[in-house]
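User: I would like to go through this model step by step. Could we begin with the overall layout and then turn to individual residues?

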Amino acid sequence: MQSKNKARVLIVDDEEIVRASCRKLLQPHGYRVSEAENAGSALKLMETTCFDLVLSDLKLPDASGIELLKDIKEACPNTEVILVTGYGTVSTAVEAMKLGAYDYVEKPFRPEELVSLAGRAIERKSLREENIRLKKELSAQYIKNIVGTSKAMEKVFRLIGTVAPTVSTVLITGESGTGKELVARAVHYNSPRRDRPFVVIDCGTLAGELIESELFGHKRGSFTGAVTDKKGLIEEAEGGTLFLDEIGNLPLPLQSKLLRVLQEKEYRPVGDKKPSKVDTRFITATNKDLPAMVKAGTFREDLFYRLDIFPIHVPPLRERREDIPLLAYHFLKKYSDELGKEIKSISAEAMRILSSCRWPGNIRELENTIQRAILLADNATIKPETLGFLTLSHTEQIPRNIEELKEIKKDLREKSIEEVEKVFTAEALKRNEWNISRAASDVGMQRSNFHALIKKHGISRPK
Ligand SMILES: Nc1ncnc2c1ncn2[C@@H]1O[C@H](COP(=O)(O)OP(=O)(O)OP(=O)(O)O)[C@@H](O)[C@H]1O
Ligand SMILES: [Mg+2]
């Protein structure tokens, strides 16, 4: 917050003695005080200096205080204005407040009165500015929360930036744990609706009728158990954003109702005769293949096109591996602070393991892995041993030849090595119709060595 003793005050009055006495009152409080004898010179000064407060007489030689106020609010909307009024001009002063003046003070005023009023006006200005700054920071934060520098994520950031200022419906697709909800929040908090609510409904968790009354609200007595009127989430999110998560799970009858809401911008609470207007932005997300659902007849085609106006696809983590180190360190910092452990780094070998995993659960899985590793780590660094709990299901590829197997073995602990070796052998046999000689030559091994692996892991051809 701006410190009070740096605040700039401009006194506008044609009488020098009035200006001087105001200056004498305010300066000891640390304000930097300037003076102007009429509206013209006040505005001139304001071209070069940003004042926190203008204290102006209501009657000036070249304009009224009201006119000056209008000019000030146009030029520097954040500057607070206090008008000094003479006897009998209170009604004008009230009008001035409607036009955005902070307050007025009647002449003759008590010195303390002026000082305390000026103090409050300046405080309001800095609070307001602080508020704006915090809100800006919050929106920036929402984009900042999404870690990623890969091309794929840059594209996502660009799309968020394009669609956020509009009211367009957005469809966010991507596998589970890729960050769809984070993207939805970023769209909301970077939109002009950021001060209004962001409401989430998970279409997958509620039964059909419940979603309907959750979404649209209901009138008292519209069904058993509806003992009072209830606001629906569309109304809760009025002026803001409603995030319909797992939209692929929305039952067909509700899909038609939602389509009507989107088309007509109206909805009807359960049991209500009158429709209500909608002023809510809709963002939807799914990890399902909606076009396939459309083909299968489980998702309405018309609703799909309506939602797909602005799609944002969040790619799986394995398609943007370059983000893994950044994300891993992001979670390392977050959770070592939270868990009160001083884990500072991830060794190069451990990072290689993390970078080669398949991450079927995407970022959520990486996040959980780092959390677990922090809990297990016994010194400041996460090492391959700390990641011993990762199994083959996490590793990206089944090695296709002995060189790849050697490469992968370097990164894995014993238990996982065994597992990889076993799958490697079985897969090679499968690829070669269980012909041992061909499989051995396929992976670049001597038949006898390859045979030893088959025996070691007890692999036999399935019946
Ligand atoms: N790019 C990212 N940067 C930092 N954290 C992320 C990122 N993407 C996702 N996360 C984190 O991963 C977790 C999962 O993200 P989110 O809930 O947004 O995924 P989702 O796609 O909605 O998953 P689901 O389909 O399972 O609901 C959250 O804790 C989120 O904060
Ligand atoms: Mg989600």
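This is a predicted model: local features need pLDDT of at least 70, side-chain atom pairs count only at pLDDT 80 or more; totals for chains, interfaces and linings use all residues.

User: How many helices and strands are in the chain?

Analyst: The chain contains 19 helices and 16 strands.

User: What radius of gyration does the chain have, against a compact globule of 463 residues?

Analyst: The chain has a radius of gyration of 33 Å, whereas a compact globule of 463 residues would have one near 23 Å. Along the principal axes, the C-alpha atoms fill a box of roughly 110 × 60 × 35 Å.

User: And what percentage of the residues is buried?

Analyst: Buried residues account for 33% of the 463 residues. As for contacts between residues at least 6 apart in sequence, 71% of them join residues at least 24 apart.

User: Into which domains is the chain divided?

Analyst: The division is into domain 1 (4-132), domain 2 (145-313), domain 3 (318-394) and domain 4 (402-456). The centres of domain 2 and domain 4, taken over C-alpha atoms, are separated by 49 Å.

User: What is Ile 172 in contact with, leaving aside neighbours within four places in sequence?

Analyst: Its partners are Lys 180, Val 183, Ala 184, Ile 283, Ala 285, Ile 312 and Val 314.

User: Lys 180 makes me think of the ligand. Which residues come nearest to ligand 1?

Analyst: Of the 17 residues around ligand 1, the nearest are Val 147, Ser 176, Gly 179, Lys 180 and Glu 181. By class, the shell has five nonpolar, eight polar and four charged residues.

User: Which helices and domains supply that shell?

Analyst: H7, helix H13 (324-339) and helix H15 (362-376) each contribute at least two residues. Domain 2 (145-313) and domain 3 (318-394) each provide at least three.

User: Staying with H15, is Leu 366 buried or exposed?

Analyst: Leu 366, which is found in helix H15, counts as buried because it has 22 C-beta neighbours inside 10 Å. Leaving aside neighbours within four places in sequence, Leu 366 is in contact with Leu 317, Ile 324, Leu 327, Ala 328, Phe 331 and Trp 359. The C-alpha atoms of Leu 366 and Phe 331 are separated by 8.6 Å, although the two residues are 35 apart along the chain.

User: Where is Trp 359, and what is its phi?

Analyst: Trp 359 is in the loop between helix H14 (348-356) and H15. Its phi is positive, about 50°, although Trp 359 is not a glycine. Trp 359 counts as buried because 23 C-beta neighbours lie inside 10 Å.

User: And Glu 433: buried or exposed?

Analyst: Glu 433 counts as exposed, because it has 9 C-beta neighbours inside 10 Å. Glu 433 also has a positive phi, near 45°, in a residue other than glycine. Its place is the loop between helix H17 (414-431) and helix H18 (436-443).

User: What about the peptide bond from Lys 107 to Pro 108?

Analyst: That peptide bond is cis, with omega near -5°. Pro 108 is in the loop between strand S5 (103-106) and helix H5 (111-144).

User: Now Lys 73. Which residues does it touch beyond four places away in sequence?

Analyst: Lys 73 touches Leu 99 and Gly 100. Lys 73 is in helix H3 (residues 65-75) and counts as partly exposed because it has 15 C-beta neighbours inside 10 Å.

User: Finally, how far apart are Arg 461 and Ile 82 in space?

Analyst: Their C-alpha atoms are 91 Å apart, and the two residues are 379 apart in sequence. Arg 461 is found in the segment after helix H19 (447-456). Arg 461 counts as exposed because it has 9 C-beta neighbours inside 10 Å.

Key. Residues are numbered from 1 along each chain as its sequence is written. Chains are lettered from A and ligands numbered from 1 in the order in which they are written. Helices (H or I, at least four residues) and strands (E, at least two) are DSSP runs, numbered from the N terminus. A residue is buried if 20 or more other C-beta atoms lie within 10 Å of its own, exposed if 12 or fewer, and partly exposed in between; C-beta atoms are placed from the backbone. Two residues are in contact if their C-beta atoms, placed from the backbone, lie within 7 Å. A residue is near a molecule or strand if its C-beta atom, placed from the backbone, lies within 6 Å of it. Ala, Val, Leu, Ile, Met, Phe, Trp, Tyr, Cys and Pro count as nonpolar, Asp, Glu, Lys and Arg as charged, and the others, Gly among them, as polar. Domain bounds come from an automatic or database domain assignment. The radius of gyration is taken over C-alpha atoms; the globule rule is 2.2 Å times the number of residues to the power 0.38.
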